[in-house]
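This report describes selected features of one protein model. Please keep the sequence and the structure in view while reading.

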Amino acid sequence: MFPVSQRYILLLILILFVSILSLVYFTAFRNSREKYINYWGLSWIMYGLSLVLNVFLISQPATPLMVAGKQFCDLLNSLFLLAGTYSFVNRKFPAYWIQFTAVNSIWIGLAVYYQLSFLMITLLSSIFFSIVAFVNGVMLQTSLGKNFLGRFIVISVFLVWGSYKAYYPYLYPALSNSSTGYSVELILANLMNLAIMIIYLRKIREELTQSESLFRVFAENAQDMIYVYRISPNMGYVYVSPACAEILGYGQEYFYQNSTMLASITHPDDILYLDALFDPSASLNEPITLRLRHKLGHYVWTEQKTTFQFDEVHNSIQAEGILRDITDRKKVEEELILAEASRQTLLTDVSHELRTPITTIVGYLSVMRNNGMKNAANMVIPDLNGTGTDYLDFIYKKALHLQRLVQDLFQLTQYDSGQDYLNFSQITIRELIEQTVEKYRIDVTGKNIEFQLHYEQDPQFLNAFLIIDEERIDQVFTNIIYNAMKFTQLGGEINVHLGYGSEGLKQMLQVSIADTGEGIDESDLVKIFERFYRSKKSENKRDGSGLGLTISKEIIERHKGAIWAESKAGKGSTFFFTIPIYQPNIKS
Ligand code: ADP
């Protein structure tokens, strides 16, 4: 037997060891928040308490109450150890363990009360300790999978510890209260804890690799770019998902090699937002929208969100970000804004266009009404020049204009909403000339303007096919020829020419309609195909809605052709349009 002082030292070492262990468990708990670590921590605290009581047991004759206290601490130590293990292997903690502990405590209490022998006090708890140790060992070894050696060692350690605990009272005091007994206790407790620690670390490592591989599966296959950016100690990308190449054109290596990659491709106007993205104090809930320059030079709209990881003193050490390409969404938003704006202008233009003729009609009608309707045709209205017939004519013309305007508008809105379907049919260029173009000769010459029609005489050209909506193409001729008539003085000339044109490799029919009228100013020329656009000159002088050319452009483009105009002010204008030719050699 060792002297008492040596026993103290050994016990103190044990207590120190247990305190450190408890500390380790509670620190681990702070980081992982796993319940089982907390239980194990508590278990080691109880064990420590039991050792402290042991110090008293050595220093003075053991009172039954002290023995009971120590047994009680050991009971709780076992119970918590078991609760931790159940939680570790994800199993519900059965209530019978608590009942068993309760019965045990009552037993100890009664045994002390009736002053039974030490052996009787500890009898039930000894059985309890050995069962708990064995159950613990069995449950923990299952988490070792196929590692037989590991399983064997774990079961053995717990069995030995359990047996030792069970036989401890029988060996008392010869062994248990001796330094040899404490050494055995120390070694066993160490071994057992080592086993638990190894199993715990294994589990953590497995969970880490599992969650890491899960993260990789998600990140590598995500359409969004996912990145991990280290802020401290030195900045740089730790991980960038392959979607970066898809979204920004840059491969992962660009990010790994350049810690300021994101900043270097951020639009200068958006740089300020980028700072906020990497500033944890900004505590952003809303994602940040940034324009990033694609490798090919264009800008990509992105939406980004970051979360941060902090060290113990709350300095951000890492940012995890997700970057989504929202270019398509932005495009739709912009289109919606544009559509809304054009709807607004259309409404303003339409109401303006309708107001003028209606005001005129109402004005004339009210004058006539005030002068009575009897003999309206011949009456002379004092305030105005002309007779009632002249006014009726005027009103009729204005009403016709309104009708045309409403028709044009209706057609245009149908084009806009994609509801206007063309009625295509096959027709030769010769048929187009005979059925459509020729008929304008009468209209034009009737206005004392010369009408000249020229076309390629080559039969291959004349028999070439067009696939067109005849009515709509006729409408284009009407719009352009009537404009030419409007702007050409008496004795002038309208020259229609049909020949070959081309667009890339496609062969086209090219129509030109030239007049000798007043021409179009250069500043107007670029705008005449716009909705409601009318030159300053024609606005006051001539009838028109400013929709004819817009509609003509729409029709020609729907035929996969092009339309444009050339003009020299004072020297006349020429309008051109093309229509694709199909199967040019079929009839000859
Ligand atoms: P409108 O109903 O006013 O004729 P258009 O869309 O057909 O509307 O034409 C738009 C504008 O283009 C006209 O108001 C006119 O200023 C100009 N324009 C069109 N054709 C001619 C032409 N042959 N000569 C001079 N100006 C023309």
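## Surface patch, ligand shell and salt bridges

Methionine 120 counts as partly exposed because its relative accessibility is 32%; partly exposed means between the limits for buried (under 20% relative accessible area) and exposed (over 50%), with a 1.4 Å probe and protein chains only. The model is predicted, so local features need pLDDT of at least 70 and side-chain atom pairs count only at pLDDT 80 or more, while totals for chains, interfaces and linings use all residues. Residues are numbered from 1 along each chain as its sequence is written, and side-chain values use heavy atoms, with hydrogens and water left out.

Methionine 120 lies in helix α5 (residues 118–142); helices are DSSP runs of H or I with at least four residues, strands are runs of E with at least two, and both are numbered from the N terminus. Together with Ile106, Trp107, Leu110, Tyr113, Tyr114 and Leu116, Met120 forms a nonpolar patch on the surface, with about 750 Å² of accessible area. Such a patch joins nonpolar side chains (Val, Leu, Ile, Met, Phe, Trp, Tyr) within 5 Å, from residues with over 30% relative accessible area and no salt bridge. Helix α4 (residues 95–113) gives the largest share of the patch, four residues.

The ligand has 20 residues around it, of which Asn483, Asp515, Ser535, Ser545 and Leu549 come nearest; a residue belongs to this shell if one of its heavy atoms lies within 4 Å. Helix α17 gives the most to the shell, with four residues. The protein buries 97% of the 530 Å² that the ligand exposes when taken alone.

The structure holds twelve salt bridges, each a side-chain nitrogen of Lys or Arg within 4 Å of a carboxyl oxygen of Asp or Glu. The table lists some of them.

| Salt bridge | N to O distance |
|---|---|
| Lysine 70 and aspartate 74 | 3.1 Å |
| Glutamate 206 and arginine 202 | 3.7 Å |
| Aspartate 270 and arginine 291 | 2.9 Å |

Lysine 70 and aspartate 74 are both buried, and both lie in helix α3 (residues 64–88), four residues apart, about one turn of the helix. Glutamate 206 and arginine 202 both belong to helix α7 (residues 179–221). Glutamate 206 counts as partly exposed because its relative accessibility is 38%.

Notes: Patches are made of residues with over 30% relative accessible area and no salt bridge: like charges are joined within 9 Å, nonpolar side chains (Val, Leu, Ile, Met, Phe, Trp, Tyr) within 5 Å. Accessible areas come from the Shrake-Rupley method with a 1.4 Å probe; for residues, only the protein chains shown count as cover.
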